[in-house]
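Open your viewer and follow the stops in order. Each one tells you what to select and what is there.

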Amino acid sequence: MTQVSRPGATLRCHEFGEGPLLGYAHGVFFSTAVEDSIGVLDWSSLSRTRRIVRYDQRGHGSSTGSPEPESYAWPALGDDLLAVADRVAGPDPVDWAGSSMGTSSLLWAAVRRPSRFRRLVLMIPPTVREGRAAATENYRAAADVVEQRGKKLWLNVLRSMPKPPIFADVSTWVFDADVPETLLPSVMRGAALSDLPGDADLKAISHPVLILAWETDPVHPVASARLLAELLPDAHLHVSSDIRNIRTWPSRIEEFLSAP
């Protein structure tokens, strides 16, 4: 397991497969282990043609973190992503994917150092812009709940809510938060501080981009994906309406990365 030292954190990377590098950053509260337990995205097919590097973002999974909320804001996580890319890749531009918060981290990284990347894969972008106001309040309120009443109660409340309809028949879809209780409020407050780069910065991203979204999930609205498709000059958007179509994403990613 590769480790990357960062201010206030040690990031741990999980590598497998052979071929050109594809890096990946997960979403808030998740981790490599949690995503594998849910099993929506099957990395095994991609690993036959790609060297996959997935890392646990700071404070998540096997990575450590500190209690400063600012270190979990998306621009700071973008700097973490660049440090991981520099550690696991050579000097040439690399392909990178992100999911939810990982998508936002990747966009901040691409804005700050576009020469580091070749192609970008943006999966299930989170709420952004005007929709971010409600998310901000929810994160701040959740941080207070965890501090006052504990992680378990907060987690039980979220698990009692209905799944997004697209995952209604997926038995492995169970919400989890692979973040220590001591760091969870800071992770939430960092998310509350965050939004995407400005429109002008996004329009300046010239990389080929594949955007993958799914329907019926209010935390990852299709509207966010469509906004990015409009702003990014070389973007292709695909929206899935059922789990069977979501399971085609690895082949879609490979086709996109292999295109001339």
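Which residues do ring pairs link into a cluster? Select Phe29, Phe30, Tyr139, Trp154 and Phe175. Keep in mind that this is a predicted model.

**Stop 1: an edge-to-face pair**

The count of aromatic pairs comes to ten. Start with Trp154 and Phe175, which form an edge-to-face pair. Their ring centres are 5.9 Å apart, with 80° between the planes. Trp154 belongs to helix α6 (residues 151-159), while Phe175 is in the loop between α6 and α7 (184-192). The pair therefore ties together parts that are 21 residues apart in sequence. Now show the surface. Trp154 is buried, at 8% relative accessible area. Phe175 is partly exposed, at 23% relative accessibility.

**Stop 2: a stacked pair**

Next, select Trp214 and Trp249. These two form a stacked aromatic pair. The centres are 5.6 Å apart and the planes are 15° apart. Find Trp214 in strand β7 (residues 209-214) and Trp249 in helix α11 (residues 249-258). Because of where they lie, the pair ties together parts that are 35 residues apart in sequence. Trp214 is buried, with a relative accessible area of 6%. Trp249 is buried too, at 2%.

**Stop 3: around Phe29**

Go back to Phe29, a member of the ring cluster. What is Phe29 in contact with, leaving aside its neighbours within four places in sequence? The list includes Tyr139, Trp154 and Phe175. Also among the contacts are His60, Asp176, Asp178, Leu184 and Met188.

Now widen the view to the largest nonpolar core. This core has 83 residues. Phe29, Trp96, Phe117 and Met123 touch the most other members. Colour helix α3 (residues 74-88) next: the largest share of this core, eight residues, comes from there. As a general rule, nonpolar side chains in soluble globular proteins tend to be buried together.

**Stop 4: two packed helices**

Show helix α5 (residues 132-149) together with α6. They pack at an angle of about 130°, and their axes are 7 Å apart. That angle makes α5 oblique to α6. Which residues make the contact? From α5, pick Ala142, Val145, Val146 and Arg149. From α6, pick Lys151, Leu153 and Trp154. Trp154 is also part of the ring cluster.

**Stop 5: a charge over a ring**

Finish with Arg119 and Phe256. The charged end of Arg119 sits over the ring of Phe256. The distance to the ring centre is 5.3 Å.

Definitions and conventions: Residues are numbered from 1 along each chain as its sequence is written. This is a predicted model: local features need pLDDT of at least 70, side-chain atom pairs count only at pLDDT 80 or more; totals for chains, interfaces and linings use all residues. Side-chain values use heavy atoms; hydrogens and water are left out. Rings of Phe, Tyr and Trp (its six-membered ring) pair if their centres lie within 6.5 Å; planes under 30 degrees apart count as stacked, over 60 as edge-to-face and the rest as tilted. Helices (H or I, at least four residues) and strands (E, at least two) are DSSP runs, numbered from the N terminus. Buried means under 20% relative accessible area, exposed over 50%, partly exposed in between (1.4 Å probe, protein chains only). A charge sits over a ring if NZ of Lys or CZ of Arg is within 6 Å of the ring centre and within 35 degrees of the ring normal. A nonpolar core is a set of buried Ala, Val, Leu, Ile, Met, Phe, Trp, Tyr and Cys residues joined through side-chain atoms within 4.5 Å. Contact means heavy atoms within 4.5 Å. Axes are lines fitted to C-alpha atoms, for helices over the stretch in contact, and angles run from 0 to 180 degrees between N-to-C directions. Angles under 35 degrees count as roughly parallel, over 145 as roughly antiparallel, 65 to 115 as roughly perpendicular and the rest as oblique.
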